[in-house]
Amino acid sequence: MNPLYACVFLAGLAALLGFYRLLRGPTQSDRVVALDILFAVAVMLCLCAALIAGTTAFLDIALGLSLTGFVGTLAWARLIDRGQAQARGRS
Amino acid sequence: MTLLGSGLCLLGAVLLLVAAWGVVRLPDALSRQHAATKAGTLALAAFVFGVAVLMPEPAWIGRLALLLLLLLLTLPLASHALARAAARESGAVEDLAARGDER
């Protein structure tokens with residue numbers, strides 16, 4: 001049994017836990033944290049795919065995914081931060 | 001070499017699972033982002049090193065080094081933004097400020 005498939009299985013399990021928090025999360029911050037871990041899972045699955053397929057194309061996809069995840073997480077977290085600061089400043 | 005690479009890959013996958021488990025189990029958003037970002041960074045770094053050991057070719061090593069550099073540059077920044085948002089949303093910043101005023 002190839003240990004790579006065990007890695008894919010473990011990453012899938014982590015994705016399920018992340019989706020649970022994404023759907024359940026009581027606050028907005030919890031959902032952003034879940035999104036962050038889901039992007040980490042996606043990058044790891046891309047690396048697995050690159051190893052299994054034996055091509056470097058999936059490595060480029062992993063690079064793009066990591067950048068997209070960073071910008072998305074940063075934008076959403078800043079949005080929450082600004083919104084809360086304004087709400088407290090007004091009240 | 002294959003054994004070392006596979007071991008590092010498995011270590012990374014297990015660490016990512018631990019990070020996700022922490023995101024599910026820890027009580028509030030601030031501790032959740034702590035679990036997700038620290039353990040997640042270590043997991044991805046271990047996995048990238050594992051892939052680099054498994055595929056020691058210039059085309060792979062260059063892209064993997066770039067990926068690791070980007071991850072190590074961007075994940076702490078994302079962690080900081082997440083911590084700010086979580087602390088602001090849960091009111092921890094205002095609690096600390098109020099406690100500072102009392103003293």
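The structure is a predicted model, in which local features need pLDDT of at least 70, side-chain atom pairs count only at pLDDT 80 or more, and totals for chains, interfaces and linings use all residues. Residues are numbered from 1 along each chain as its sequence is written, while chains are lettered from A and ligands numbered from 1 in the order in which they are written. Chain A has three helices and zero strands, where helices (H or I, at least four residues) and strands (E, at least two) are DSSP runs numbered from the N terminus.

**Overall form of chain A**
- The C-alpha trace of chain A spans about 60 × 25 × 10 Å along its principal axes.
- Chain A has a radius of gyration of 17 Å, whereas a compact globule of 91 residues would have one near 12 Å; the radius is taken over C-alpha atoms, and the globule rule is 2.2 Å times the number of residues to the power 0.38.
- Of the 91 residues of chain A, 43% count as buried. A residue is buried if 20 or more other C-beta atoms, placed from the backbone, lie within 10 Å of its own, exposed if 12 or fewer, and partly exposed in between.

**Helix α1 of chain A**
- The buried residues of α1(A) include A:Leu4, A:Cys7, A:Ala11, A:Ala14 and A:Gly18.
- Seen down the axis of α1(A), its buried residues fall within an arc of 165°, so they line one face of the helix; the arc is that of the directions from the helix axis to the C-beta atoms.
- On the other side of α1(A), A:Tyr5, A:Phe9, A:Leu16, A:Leu23 and A:Arg24 are exposed.
- The buried residues of α1(A) pack against α2 of chain A and α1 of chain B.

**Helix α1 of chain B**
- Among the buried residues of α1(B) are B:Leu8, B:Cys9, B:Leu16 and B:Val23.
- The cover over the buried residues of α1(B) includes α1 (3–24) and α2 (28–53) of chain A, together with α2 (29–54) of chain B.

**The largest nonpolar core**
- This core has 58 residues; a nonpolar core is a set of buried Ala, Val, Leu, Ile, Met, Phe, Trp, Tyr and Cys residues joined through C-beta atoms within 7 Å.
- Helix α2(A) gives the most to this core, with 16 residues.
- Beyond its neighbours within four places in sequence, A:Ile37 is in contact with A:Gly18, B:Ala19, B:Ala20, B:Val23, B:Ala36 and B:Gly40, contact meaning that C-beta atoms, placed from the backbone, lie within 7 Å.

Notes: Two residues are in contact if their C-beta atoms, placed from the backbone, lie within 7 Å.
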